[in-house]
Every structure is written in structure tokens, then in C-alpha cells.
Amino acid sequence: MPSTATELVTVPTGLPRSGLPIAHMRSVYRLGDVERRLEKLPPKEHESLRATYERMLEKGAERFQVKPSGVPAMDHLYEQLPNFHDVLDDVKRQLALCHDSRDALEITPMLLLGPPGVGKTHFAREMAQLLGTGLGFLSMSSLTAGWVLSGASSQWKGARPGKVFETLVDGQYANPVMVVDEIDKTGGEHAYDPLGALYGLLEHDTAGSFTDEFAEVAIDASQVIWVATANDARAIPEPILNRMNVFEVQMPDAAAARAIAARLYRSIRADHDWGSRFAPEPGDDVLDAMAELAPREMRRAWMTAFGNAKLAGRAVVEPRDLPEAHGRKAAIGFMQ
């Protein structure tokens, strides 16, 4: 689908840390297609579909297509996500290719493969912030049919558009980051393949005319930035794996885990008025204990520890303030 050449100097949300992103407007569907579909609807029937077409016409077809104005500052991500350096290196290389050219931002679909709690979903959210674009999220573990991704025919009761359609039509961006979370846990009925739509969506050429089964209007999903997460690659079809850059993300080592925990401590302390009542830095003994946790568990553990220390009348968090051992986990390997 054609895009305009109008360059903007600002976009409404998600500014990367390097400054204002470069933005153009891109048409993600053809208004004429929508108008023709709307005209063909029988009067007083298909009210949900009619409302969808009317919303598409009201919103218009153009969305922001953004990219950073230069290779963005990424040092904070290398520090925050020490176990994602290979992924960050790859993103930086792809950003370097397009930042001083007229080319659109192009990021190869990626699969982040690693144990639960390692920070995969957090990485995807940070990348959307870095690139200055929107974010769509789809948890595949909750799917029971393929139409949740690609929509269901309006002939079915309760049918609605799929997540790709909603993210592009209802959002502000032509190139959002779309997170396909826990892609290895996809379930489905025998009549549906929950991953079926991805075969075309992950290919640039076919994604340019993606048709949601509900709206039956071609949508340009060619600029979507795909990030999938999984614990076990063996449950993912080979054609999906072949369309993605696969990165194995391990739990951070002890030193990296301590650094993550210390940074979280400082962040939580700075974000709350009550934080000034606590010591500026945590002690080595409590950092040793925190390093045993998965990164996504650390914030909850710190909040519990701050509360327990406050109740005990102390300004210093101690290991005994952390959640009980049954809430703690050792490093988790890949699922067998």
C-alpha cells in the first residue's frame, strides 16, 4: 500500500531517548475498499461489522510510521538487560542501516527463547519505547482458536476483528511492536490453527495485504515489528522458526542479577516519597539473596522487603525482610 512522503517533526507518544523520531504518514488500508464494503451491507444487519467500517472511515487510513532520528542511546538497556546483549546488538545493527537514509525502519522478526521470568516481555516493551512506536500484545497461552489473531468471519455470532487489525486500525502507528507472548503454549481447536495467520504476517510481501477475516478489508501489516517469546522451541512449527531471528536468553549470572536488583532498589526508592526514609543503597547480604530471584520477581520482593523493614522500624532492608523461601526460585533451565 502506498505511503505519503510527508515528514513530521513530532509524534504523540513513545519518544525514544535519543530525541524526536522521524515520522511519515502511511496508509494502512484503502478508504475506497471500506466504503464499498459498507455500501454492500444489508440494511439493519451486521451491526458490529457496520460499526467497524464506520470507525475505519472516521479514523482515516493514515498512521504514523516512525523511526529514531539517529541510532538511539541504548546504554541504559545494556545496563538494565545484561542478558539481552546479543539481541540489543542485532537491533542496533538494523537501526544503523536505516537511520541516515530514506528507508523505513525494518526489524527482522525475532524470537526470544528462554526460561520464565528472564525479562523477555519487558524487553519488548522497552524496545517499543526505544523506537518511539506503539505496542500490541497477544498472549498465545490464552488462545483457543486462530481467529483471535486474524479475526473471525462476521457470519459467526460474537465475531470480532483480530489483534493485528485492532492494533493497526485503533492505534496511531503503522509500525507498532507486536508481542506474541508464549508462542510455544498455543492451544487450539482442531478446526483452527492459532499460528496460521503468522505464516503470512511474518513475510514482508504477503503482510502488505493482510486480510482480517472479520472486516475482509486488506490491511498493510508489512511494517509491524514482531517479537515472539517462548520457553521451548520444540513446540514451535519450523516454518515459524525459519522466519525469525532466534535468540536464546539465559538467566542473568549472579553479578548481573545483583546489578539488576540494586538498580531496582534505587528506582523504587526514588519513585516514592517514603523512599527517602531508607538507606540510599541496599546491603551486600540482601543483594546476595535478591540475586536468587528471577528478574520479574525482584520488584515484588523489594516492595515486600520495604514494607517489612518499615513495620520493624528500620531504615535498612535486611534479608529477613524478603518474601519467604517458598516464594523464591532458583534459576530455571529450558523446559524438558
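View 1. Residues 24 or more positions apart supply 74% of the chain's contacts with a separation of 6 or more; contact means heavy atoms within 4.5 Å. This is a predicted model: local features need pLDDT of at least 70, side-chain atom pairs count only at pLDDT 80 or more, and totals for chains, interfaces and linings use all residues. Residues are numbered from 1 along each chain as its sequence is written, and side-chain values use heavy atoms, with hydrogens and water left out. The chain has 13 helices and ten strands (DSSP runs numbered from the N terminus: helices are H or I, at least four residues; strands are E, at least two). Of its 336 residues, 49% count as buried (under 20% relative accessible area, 1.4 Å probe, protein chains only).

**View 2. Leucine 49 in helix H2.** Helix H2 spans residues 47-59 and includes leucine 49. Leucine 49 counts as buried because its relative accessibility is 5%. Beyond its neighbours within four places in sequence, leucine 49 contacts Leu41, Ser154, Phe214 and Ala215. Serine 154 is 105 residues away along the chain, yet the two C-alpha atoms are separated by 6.8 Å.

**View 3. Helix H2 against helix H7.** The axes of H2 and H7 (residues 163-170) come within 10 Å and cross at roughly 35 degrees (axes are lines fitted to C-alpha atoms over the stretch in contact; angles run from 0 to 180 degrees between N-to-C directions). H2 contributes Thr52, Arg55, Met56 and Lys59 to the contact. H7 contributes Phe165, Val169 and Asp170.

Notes. Buried means under 20% relative accessible area, exposed over 50%, partly exposed in between (1.4 Å probe, protein chains only).
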